[in-house]
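Please read this briefing beside the sequence and the 3D view, which are shown next. The notes after them are grouped by topic.

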Amino acid sequence: MATNAMDRRRINGPQRTVEPIYSKDTDPFASGRKDSRSLDQVRPIYMKTGPLSTQANDLSASSAAAASGSAFYEQGNIRVSCAVYGPRQGRKSNTRMGSFDCDFRYAPFSCSWKKRSHVRGADEKEISLMLEHAIAPAIRLDAYPKACIDAFVTVIESDGKSATIAAAINCISAALVDAGIEMYDSVAACSMGLWESQWVADCSQAEENVSSSTMIIAYMPSADEVTYMLQHGKTSPDQTDQAVQTCINMCTRVYAVLCRGLQASISE
Amino acid sequence: MASTTGQLTFAIETFKRIHPVEFQRRFLSQQTRHDGRAFDEFRNTQVVKGTISTAHGSSTVRIGNTTMVCGIKAEVSEPDVSRPNEGFLTTNIDLSPMCSASYRPGAPSEEAQVCSEHLFRLFSGCVDLAALCIEKGQAVWALAADVVCLKSDGNIMDAAIIALLAALEDVQLPQASLDSVTGVVSADKTMAKRLQLQRRLFPASFSLVDDAYLVADADDAEERLATGSLLVVLDGNGKLANVWKRGSFIGRDAIARCVEEAQARRNAVAKALK
């Protein structure tokens with residue numbers, strides 16, 4: 001895509017901008033992890049369901065344009081917001097199965113490197129597809145013939161690309177529950193990075209920059225099924241094996257946090 | 001029809017859904033609003049600055065349920081040839097389908113384009129662009145301000161203006177210098193300087209609902225029935241910076257009253273901004 005094409009629907013700045021050269025960051029693993037986490041520790045998670053959707057009994061809120069379900073998810077510095085619409089009329093009629101579509105966006109200011117373009121990049125398309133593949137197996141799409149379920153995800157702040165994708169999966173899972181979509185199980189996701197032959201859980205951006213390989217796993221703990229797995233970079237088969245095992249264990253822990261959050265939202 | 005004859009009774013939620021105009025009229029004719037506010041009452045407004053660590057300046061603003069996040073990224077570019085010592089400020093607003101079902105995915109809607117343009121013109125006098133100069137004629141800061149709507153429940157323009165103002169006040173520009181030999185701009189984040197604004201802006205929006213009732217800070221349900229709207233923007237000294245009236249007829253004395261109410265609103269917003 002031509003990056004210098006003028007976008008007449010937006011206010012344009014100068015055609016070419018660069019990031020200044022900032023004074024170098026120090027080695028993120030110089031003396032343990034910066035936030036003093038252990039190697040298999042996921043950053044603290046905060047989750048809230050229903051910030052964008054309104055409850056049926058809440059008269060004061062205007063409901064006409066509200067989402068069916070929504071969630072706000074924080075994991076350390078990562079902040080993701082998701083709205084789910086549906087089940088609503090699908091674009092294709094006469095389909096036996098419902099469809100699940102996902103639209104993933106980074107806010108222009110959400111990344112620690114250069115400002116993101118307003119035009120949707122190929123990586124956002126790719127991640128949208130990843131999210132669809134990770135979540136769709138958990139939804140009972142056969143229960144929604146001719147319907148579609150749309151999830152819109154916006155990353156407000158990212159800190160580690162793989163970790164952000166995992167956070168988006170967790171956020172959508174929570175929003176789907178909030179929307180009351182029939183599912184086999186909630187999907188919990190977790191990411192890892194390989195740093196000097198050690199797997200490090202839930203890498204921040206600085207840690208991911210120096211890791212030689214990354215792994216993302218989305219997992220349904222009650223069904224004991226992996227819905228999505230992606231590994232980038234160089235590892236030995238043994239290391240990959242080990243990573244899958246550790247990731248699954250961490251997903252189970254993340255799942256417990258998700259469930260607690262969802263339970264809290266019901267009892268409120 | 002059924003609701004006016006009194007023959008049928010509905011649950012109040014059903015009534016609101018199937019006959020929104022009549023539902024709102026019942027309240028407005030009693031000089032009150034469906035959420036219990038008075039006509040001139042604004043919703044609770046909260047501002048938090050510095051919420052996003054990946055941006056150079058940021059803020060989160062909530063007006064009732066409407067939530068906006070503004071992030072400002074600072075990057076380096078060459079200045080315009082005709083203005084060699086002036087930097088850039090661009091403002092865009094993103095109304096994605098996430099914040100409301102009324103927005104479609106894809107390119108910005110007409111509403112978003114109009115809002116972006118209006119924000120840009122409002123704020124073009126706020127930042128001293130000469131203060132963004134790094135090296136005259138060679139390198140300047142380009143500030144890209146993006147307002148992302150997380151939840152749209154009416155009055156997005158007020159929320160966007162407050163969010164943008166708060167984020168601009170939060171901007172910390174690193175100390176930057178141009179190496180004249182290599183042409184590389186290096187920056188030191190530990191030596192950051194706060195951006196000084198030339199003026200602050202305080203918005204107040206009013207909507208003309210059902211051609212008869214002028215209400216402050218309309219929410220989504222009221223905006224859907226609005227036939228006209230009025231945006232009053234005051235600067236820090238209470239002088240008029242901008243008046244933007246759209247749609248149906250609003251009397252001159254009503255506009256004057258709105259400007260007066262905007263003055264009171266200015267104090268409330270200034271307090272929220274601290």
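How far apart do the end C-alpha atoms of residues 205-264 of chain B lie, and how much of the span is helix and how much strand? The end C-alpha atoms of that span lie 13 Å apart, and the span is 30% helix and 45% strand, where helices (H or I, at least four residues) and strands (E, at least two) are DSSP runs numbered from the N terminus.

This is a predicted model, in which local features need pLDDT of at least 70 and side-chain atom pairs count only at pLDDT 80 or more, while totals for chains, interfaces and linings use all residues. Residues are numbered from 1 along each chain as its sequence is written, and chains are lettered from A and ligands numbered from 1 in the order in which they are written.

**Chain B as a whole**

- Chain B has seven helices and twelve strands, and its C-alpha atoms fill a box of roughly 85 × 40 × 30 Å along the principal axes.
- Of its 274 residues, 45% count as buried; a residue is buried if 20 or more other C-beta atoms, placed from the backbone, lie within 10 Å of its own, exposed if 12 or fewer, and partly exposed in between.
- According to an unreviewed UniProt entry, the annotation "domain: Exoribonuclease phosphorolytic" covers residues 41-174 and 205-264 of chain B; such annotations, given in the numbering used here and with shortened feature names, may be inferred rather than shown by experiment.
- In residues 41-174 of chain B the end C-alpha atoms lie 41 Å apart, and this span is 22% helix and 37% strand.

**A hairpin in chain B**

- Strands β11 (residues 226-235) and β12 (residues 240-247) of chain B run antiparallel and are joined by seven bridges, where pairing requires that DSSP finds at least two bridges between two strands.
- Gly228(B) stands opposite Gly247(B) in β12(B), and in the turn of this hairpin, which has four residues between the strands, Gly238(B) has a positive phi of about 85 degrees.

**The nonpolar core and the contact between chains**

- The largest nonpolar core has 150 residues, and Ala160(B), Ala163(B) and Leu164(B) have the most contacts inside it; such a core is a set of buried Ala, Val, Leu, Ile, Met, Phe, Trp, Tyr and Cys residues joined through C-beta atoms within 7 Å.
- Helix α2 (residues 161-179) of chain A gives the largest share of this core, 13 residues.
- Contact between two residues requires C-beta atoms, placed from the backbone, within 7 Å, and 44 residues of chain A are in contact with 52 residues of chain B.
- On the side of chain A that touches chain B, β7(A) gives the most, with four residues.

**Helix α1 of chain A**

- The buried residues of α1(A) are Ile127(A), Ser128(A), Leu131(A), Ala134(A) and Ile135(A).
- Seen down the axis of α1(A), these buried residues fall within an arc of 130 degrees, so they line one face of the helix; the arc is that of the directions from the helix axis to the C-beta atoms.
- The face turned away from the buried side of α1(A) carries the exposed residues Ala122(A), Lys125(A), Glu126(A) and Leu129(A).

**Backbone details in chain A**

- A cis peptide bond, with omega of about 0 degrees, joins Gly86(A) and Pro87(A), and Pro87(A) is in strand β5 of chain A.
- Although it is not a glycine, Ser36(A) has a positive phi of about 50 degrees, and Ser36(A) is exposed, with 8 other C-beta atoms within 10 Å.
- Asp202(A), also not a glycine, has a positive phi of about 50 degrees, but Asp202(A) counts as buried, with 29 C-beta neighbours inside 10 Å.
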